[in-house]
Amino acid sequence: MKRVFGLFEAAFDALYLIVAFGIGFFLLFAEARSPVRLLAGVAALVLGIGDLFHLVPRMAVIVARREEIFRSHLGRGKQIASITMTVFYLLLWQILRYVVRSDGYEFWDFAIYFLAMVRIALCLLPQNRWRDRYPPVAWGVWRNIPFFMLGIAVAWRFYLVRNAVPALRPMWLAIVLSFACYLPVVLWSNRNPKIGMLMFPKTCAYLWMLAMFLFL
């Protein structure tokens, strides 16, 4: 049963990567291009490339059933994905700034980029011990604090302007759902690995975000 679930996870991850890259390339090279669609395409590819470094080793572990061989790649992949996920939210913020052209965003621009820089800096510190089998949970919490604040800020701003851009109206909800699934994984998956299953709906939330880009 565990083997069957593992193969399902690998197939799900592969499908996610195919869809993410497919949407990204479609937005970049489709005939109906616009600056905001190009920006959305870059965001989709950044998300896909970052997750590629994390999910390919994960799929290799499932197929080979030899985690120790790929542990270093898994850890480095998680680090890369953590950084590219942060960049994805910066691009998401820039999409909002492009489609909602308004003054008075200077504070939010500063806050969003400041939180992103703090998050990336924390992810680069060696204390995270990304390659360890059991990295320190405390550092997992610390580096995600600015990330959660970043996500809350972006979701809040999307909520406030939800009626301005029909294609992105539910974006705030998708962001909230992704973080609602991610938070328990950060806090408790080391105690109960089954909580990691919440990464499935989290990934679906990101696919929902990417699907919205198609209607810009």
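Here are a few notes on one helix pair and the aromatic rings in this predicted model.

1. Ground rules first. The model is predicted, with local features needing pLDDT of at least 70 and side-chain atom pairs counting only at pLDDT 80 or more, while totals for chains, interfaces and linings use all residues. Residues are numbered from 1 along each chain as its sequence is written, and side-chain values use heavy atoms, leaving out hydrogens and water.

2. Take a look at α5 (residues 137-160) and α6 (residues 171-188): their axes are 9 Å apart and the packing angle is about 165°. Helices here are DSSP runs (H or I, at least four residues). That makes α5 and α6 roughly antiparallel (angles over 145 degrees, on a scale from 0 to 180 degrees between N-to-C directions).

3. Who touches whom? On the α5 side the contact (heavy atoms within 4.5 Å) includes Val137, Phe147, Phe148 and Tyr159, and on the α6 side Trp172, Phe179 and Tyr182 are among the residues. The contact residues split into 17 nonpolar, three polar and no charged (Gly counts as polar, Tyr and Trp as nonpolar).

4. On to the rings: there are 19 aromatic pairs (Phe, Tyr or Trp ring centres within 6.5 Å, using the six-membered ring of Trp). Phe8 sits in α1 (residues 2-29) and Phe200 in α7 (residues 199-213), so the pair ties together parts 192 residues apart in sequence.

5. Phe200 is buried at 16% relative accessibility, whereas Phe8, at 47%, is partly exposed (buried is under 20%, exposed over 50%, partly exposed in between, with a 1.4 Å probe and protein chains only).

6. One cluster to find on screen: ring pairs link Phe88, Tyr89, Phe147, Phe148, Phe179, Tyr182 and Tyr206.

Notes
Helices (H or I, at least four residues) and strands (E, at least two) are DSSP runs, numbered from the N terminus. Angles under 35 degrees count as roughly parallel, over 145 as roughly antiparallel, 65 to 115 as roughly perpendicular and the rest as oblique. Rings of Phe, Tyr and Trp (its six-membered ring) pair if their centres lie within 6.5 Å; planes under 30 degrees apart count as stacked, over 60 as edge-to-face and the rest as tilted.
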